[in-house]
Amino acid sequence: MCLLFFSYQVKPGYPLVIAANRDEFLARPTAPLGYLDQEKSLLGGRDLRAGGTWLGLSSGYRFAALTNYREEGSRRDGSRSRGEIVIGFLSGRSSPETFVRELAGKADQYNGFNLIAGDPGSLYYYSNRGGGPQRLSPGFYGLSNHLLDTPWPKLLRGKALLGDLFLLPGSINPAWLFALLADRWQPPDRELPESGVSLDWERLLGPIFIDAAGYGTRSSALISLDTAGEAVFYEKTYHRLANRLLTTIAQYRFPASSSD
């Protein structure tokens with residue numbers, strides 16, 4: 001997961017709405033959205049190389065999302081998989097606060113990451129590259145590969161595009177949110193961050209939706225939790241075949257319906 005926008009206790013009727021893009025090397029094997037356990041109590045995609053996930057939801061309405069922290073040259077081989085953190089929270093019973101505080105005690109075992117973890121009662125943010133666990137107040141937030149709400153151009157643009165949409169009354173329209181997650185606006189060079197990669201890579205990583213040779217946005221995801229107690233998880237997966245961009249969409253919900 002490389003770009004995440006979320007509305008927490010702001011949109012009427014929806015305590016939580018998440019819209020996110022996962023950017024990754026195209027050759028990295030990945031399973032699309034589905035159940036992560038035999039009991040069908042955990043939902044998420046799966047990284048088939050390391051076994052974890054980047055965004056997930058449980059039948060108990062626990063949710064978590066993780067982004068890598070961009071720090072060129074600081075990645076340590078042999079570190080624990082960051083994707084296991086999300087599954088650990090989703091499958092556990094500890095409160096979000098307890099989980100992130102325990103995680104902070106062993107955070108040096110992982111390369112740089114950001115974590116959003118919560119349930120209907122509370123939402124927490126933690127990065128092992130900046131400060132301690134932080135309980136989040138109601139609001140609209142953005143997260144990429146730096147700290148929460150770091151004003152990178154695509155983060156500012158996404159918040160501007162999605163913020164007004166999250167405040168509109170009525171039900172969530174997935175098509176609108178997916179369209180905004182497909183935005184390809186290229187920031188000018190003078191506005192790009194200096195995150196330790198080359199200028200060519202900063203340009204490549206600049207848009208909300210990335211489509212480059214060998215690397216790009218692999219999927220877009222939406223999670224909504226409403227006040228009636230229903231959570232819906234959509235994932236739009238992008239397939240690049242012969243210079244064509246094809247898509248498939250999966251939809252699951254808790255409580256599960258007969259169509260899931």
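**Cavities and their linings**

β12 gives the most to the lining of the second largest cavity, with 3 residues. Helices (H or I, at least four residues) and strands (E, at least two) are DSSP runs, numbered from the N terminus. This is a predicted model, in which local features need pLDDT of at least 70 and side-chain atom pairs count only at pLDDT 80 or more, while totals for chains, interfaces and linings use all residues. Residues are numbered from 1 along each chain as its sequence is written, and side-chain values use heavy atoms, with hydrogens and water left out.

The second largest cavity has a volume of about 40 Å³, and the residues that line this cavity are Val17, Ile172, Pro174, Leu177, Leu222, Ile223, Ser224, Val232 and Tyr234. Two or more lining residues come from each of α4 (174-181), β12 (215-225) and β13 (231-241). A cavity is a set of points on a 1 Å grid over the protein atoms alone where a 1.4 Å probe fits but cannot get out, and lining residues have an atom within 4 Å of a point. By class, this lining has 8 nonpolar residues, 1 polar and no charged ones.

In total, the structure holds 2 cavities of 30 Å³ or more, where a volume is the space filled by probe spheres set on the points, which are joined across faces, edges and corners. The largest cavity, at about 70 Å³, is lined by Arg70, Trp152, Pro153, Lys154, Pro187, Leu192, Pro193, Glu202, Leu205 and Gly206. Here α3 (153-167) and α5 (199-205) are the elements that give two or more residues to the lining.

Methods:
1 Å grid on protein atoms, 1.4 Å probe; cavity = no way out; pocket = protein on both sides within 12 Å on 5 of 7 lines; lining within 4 Å. Nonpolar A, V, L, I, M, F, W, Y, C, P; charged D, E, K, R; others polar.
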